[in-house]
Amino acid sequence: MQSLEEWYNQMPVITRSYLTLSFLTTAGCSLELISPFSVYFNTHLIFTKYQVWRLVANFFYFGQLGLDFLFHMFFLARYCRLLEEGSFRGRTADFFYMLLFGGTILTCAAPFVNIQFLGSSLTFMMVYVWARRNEEVNMSFLGLFNFTAPFLPWVLLAFSVMLGSSPLVDLLGMVAGHLYFFLEDYYPKMTGRRMLRTPPLLAALFPRDNAIDIELR
């Protein structure tokens, strides 16, 4: 049986980094080592007090430690890894750029929908992109009914509403995911042009992945 350490070490770099930062930030807030008030998204504090770390830090806080936190960590670890090892295999720079794109869309929308922590929306974006890129995968929800992968975000959204949560966070992630999926997967097929090209500076951070991508082509 695979140990927890082996499972963690076998994660690809972006998944492992995001999961680690999310756990440390959330645990740090629960243990009162840091305050959630120091990491939540606030445009006034960002632009008038120059607390620019809030632009990034808010994506790593997932509420109090508990079942809800474990639920979010499961989906973060699972679908972030499935994307990074699946359609983004050997393309870590492109995967990181997808997260930057999603994070930018969510950050621009956050002031209008009054959401202070965007990690859950970014996770839901990854679920949406994976689901749209794996349309033939059959899934089951708690053994109650079966469906194909594209319906997964809607099933999770309905389940979240049934538990009394606001659908806004999940819907925001779905919008960001749909924008990325359209611009990256559909728009190039329709026009022959690709809008979301990974910047060379970002690609330079992952030279080994670039070498792998060249060899595969």
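## Exercises on pockets, rings and backbone

In this predicted model, the lining of the largest pocket receives at least two residues from each of helix 5 (67–85), helix 7 (119–133), helix 8 (152–162) and helix 9 (168–191).

**Exercise 1.** Describe the largest pocket by its volume, its central residues and the make-up of its lining.

*Solution.*
- Step 1. The space in the largest pocket is about 540 Å³.
- Step 2. The largest pocket is lined by 22 residues, of which D68, H72, S120, S160 and D170 are the closest to its centre.
- Step 3. Helix 7 gives the largest share of this lining, five residues.
- Step 4. By residue class, the lining of the largest pocket holds twelve nonpolar, eight polar and two charged residues.

**Exercise 2.** Carry out the corresponding description for the second largest pocket.

*Solution.*
- Step 1. The second largest pocket holds about 420 Å³ of space.
- Step 2. Its lining consists of 15 residues, and those closest to the centre are V56, F59, F96, L99 and L100.
- Step 3. Helix 2 (13–30), helix 4 (54–57) and helix 6 (92–113) each contribute at least two lining residues to the second largest pocket; the largest share, six residues, belongs to helix 6.
- Step 4. The lining of the second largest pocket comprises eleven nonpolar and four polar residues, with no charged residue.

**Exercise 3.** Classify the aromatic pairs F101–Y180 and F145–F147, and state the burial of their members.

*Solution.*
- Step 1. The model contains 16 aromatic pairs.
- Step 2. For F101 and Y180, the ring centres are 5.9 Å apart and the planes stand at 55 degrees, so the pair is tilted.
- Step 3. Because F101 belongs to helix 6 and Y180 to helix 9, this pair ties together parts 79 residues apart in sequence.
- Step 4. Both F101 and Y180 are buried.
- Step 5. The pair of F145 and F147 is tilted, with 5.8 Å between centres and 45 degrees between planes.
- Step 6. Buried residues have under 20% relative accessible area. F147, at 10%, is therefore buried, whereas F145, at 39%, is partly exposed.

**Exercise 4.** Identify the aromatic cluster that contains W130 and the arginines whose charged ends sit over the rings of Y40 and Y79.

*Solution.*
- Step 1. The cluster linked by ring pairs consists of F71, F74, F75, Y79 and W130.
- Step 2. Over the ring of Y79, a member of this cluster, sits the charged end of R78, 5.4 Å from the ring centre.
- Step 3. Over the ring of Y40 sits the charged end of R54, at 5.0 Å from the ring centre.

**Exercise 5.** Determine the number of disulfides and the burial of C29 and C80.

*Solution.*
- Step 1. A disulfide joins the sulfur atoms of two cysteines covalently.
- Step 2. The count of disulfides in this model is zero.
- Step 3. C29 is buried, at 6% relative accessible area; C80 is likewise counted as buried, at 1%.

**Exercise 6.** Locate Y50 and N114, and give their phi values and exposure.

*Solution.*
- Step 1. Y50 lies in the loop between helix 3 (43–48) and helix 4, and N114 in the loop between helix 6 and helix 7.
- Step 2. Y50, which is not a glycine, has a positive phi near 60 degrees. N114, also not a glycine, has a positive phi of about 60 degrees.
- Step 3. Exposed residues have over 50% relative accessible area. Y50, at 63%, is therefore exposed, and N114, at 59%, counts as exposed.

Notes
Residues numbered from 1 in each chain as written. Predicted model: local features only at pLDDT ≥ 70, side-chain atom pairs only at ≥ 80, totals over all residues. Heavy atoms only, no water. 1 Å grid on protein atoms, 1.4 Å probe; cavity = no way out; pocket = protein on both sides within 12 Å on 5 of 7 lines; lining within 4 Å. Points joined across faces, edges and corners; volume = space filled by probe spheres on them. Helix = DSSP H or I, 4+ residues; strand = E, 2+ residues; numbered from the N terminus. Nonpolar A, V, L, I, M, F, W, Y, C, P; charged D, E, K, R; others polar. Phe/Tyr/Trp six-rings, centres within 6.5 Å; stacked < 30°, edge-to-face > 60°. Buried < 20%, exposed > 50% of the residue type's maximum accessible area, 1.4 Å probe, protein only. Lys NZ or Arg CZ within 6 Å of the ring centre and 35° of its normal. Disulfide = S-S within 2.5 Å.
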